[in-house]
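Here is a brief report on a predicted model. It covers packing, charge pairs and surface.

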Amino acid sequence: MKMALELAQQGRGWTSPNPMVGAVVVKDGTVVGKGFHQAAGGPHAEIHALNDAGEKAVGATLYVTFEPCNHIGRTPPCTQAILRSGIKRVVAGMKDPNPRVTGGGLAFLKSQGLDVSAGVCEDECRRLNEIFIKFVTTSLPFVILKCAATLDGRIATRTGDSKWITNPLSRQFVHELRHAVDAIMVGIGTVLKDDPRLTTRLEGRKGSDPIRIVLDTHLSIPPNARLLHLPSDSDTLIVTGSSAPAEKRRILERPGVRLLALKDDGGRIDLTALVGELVRMGITSLLIEGGSRVNGSALRAGIVDKICIFYAPKICGGNGVPVCEGIGVNLMEESMQITDISVHRFADDVMIEGYLKD
């Protein structure tokens, strides 16, 4: 199952809205077939592993990180291929949590006389597909808040300078995060200050660009902003207020650039309403790379599931831009609790990864 998990990781960034899945066929203590789900709409991991095993699959055991499907989607049911292959035992890392999927794969295989079991390395399998699980069980996207800060909690100096807080290794990992999600979001302040591309740039391999989302209540974005003129397969979505000038909308809209008007409250976009729109667009995951104002709004709105905060061994001292802007809590016991913490090192930088309680 550990091998199957490593295989599944190779599909990161390419399988959405499907889960990442890896599969290994073992016969007489020897691995005879391996595979992983490579892209949404393509063959599932089990099919690749069974094809790799060929006739050696007869009487073998199939280890798969996710319960085999028993329904017709964009591909035929994997359970039928498993039966045809002659596999006698199936071990799944986790069961399919999708409440809309009927006729569980493991139950069906068991009814056909196969030896089935589930729950091997289940925690790792669930963590691998935390985005998929959140989306199919709640119909809400999985939201990650990422930011880089100094040790005294500043994401920019008092003049707004933020290049660069973290080192190149940390910044490269951020591109891995971008590759893994459907969409990335910033505020107009970030666009005006940094003119970012918000694309995925991985060393030595192709990456998947997320949909770029800009919160821009008054349509202040310059028509020549770089993210409006990118040779990318993903669109840019500008989220604006309902009172944004119609003429400015017409100037900005073009192939690859879409506008979404939402009700705003005192100049701030309703992020809960935005999340609902993202669901209707089929977006299963969102990476927030906004500034202090966007970070604060997202946390207060309760839309954040996970934080990835990079700390660099630097101290601004005095005034600077905090991680979150806005009115904070009065008492420490009212603070938002982060759980299931893990710590990652990128040379001298440290990344704190954790989950918002509840």
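## Nonpolar cores

The largest nonpolar core has 39 residues. V25, L50, L62, I82, I87, V90 and L114 touch the most other members. Take I82: leaving out residues up to four places away in sequence, I82 touches L50, L62, P68, I87, V90, L109 and L114.

## Salt bridges

The structure holds 16 salt bridges. One of them pairs E124 with K2, at 3.0 Å from N to O. E124 sits in helix 5 and K2 in helix 1, 122 residues apart. E124 is partly exposed, because its relative accessible area is 34%.

E325 pairs with R268, and their closest N and O atoms are 3.7 Å apart. E325 is in the loop between strand 16 and strand 17, while R268 is in strand 13. E325 has a relative accessible area of 38%, so E325 is partly exposed. R268, at 29%, is partly exposed.

## A buried pair and its network

Are K306 and E353 buried or exposed? K306 has 8% relative accessibility, so K306 counts as buried. E353, at 12%, counts as buried. Their side chains meet in a salt bridge of 2.7 Å, N to O. K306 lies in strand 15 and E353 in strand 18, so the pair ties together parts 47 residues apart in sequence. Salt bridges with shared partners join R127, E130, K306, D340 and E353 into one network.

## Nonpolar surface patch

I338, I341 and V343 form a nonpolar patch on the surface. Together they have about 240 Å² of accessible area. I338 belongs to strand 17, residues 338-346. I338 counts as partly exposed, because its relative accessibility is 32%.

Key:
Residues are numbered from 1 along each chain as its sequence is written. This is a predicted model: local features need pLDDT of at least 70, side-chain atom pairs count only at pLDDT 80 or more; totals for chains, interfaces and linings use all residues. Side-chain values use heavy atoms; hydrogens and water are left out. Patches are made of residues with over 30% relative accessible area and no salt bridge: like charges are joined within 9 Å, nonpolar side chains (Val, Leu, Ile, Met, Phe, Trp, Tyr) within 5 Å. Accessible areas come from the Shrake-Rupley method with a 1.4 Å probe; for residues, only the protein chains shown count as cover. A salt bridge is a side-chain nitrogen of Lys or Arg within 4 Å of a carboxyl oxygen of Asp or Glu. Helices (H or I, at least four residues) and strands (E, at least two) are DSSP runs, numbered from the N terminus. Buried means under 20% relative accessible area, exposed over 50%, partly exposed in between (1.4 Å probe, protein chains only). A nonpolar core is a set of buried Ala, Val, Leu, Ile, Met, Phe, Trp, Tyr and Cys residues joined through side-chain atoms within 4.5 Å. Contact means heavy atoms within 4.5 Å.
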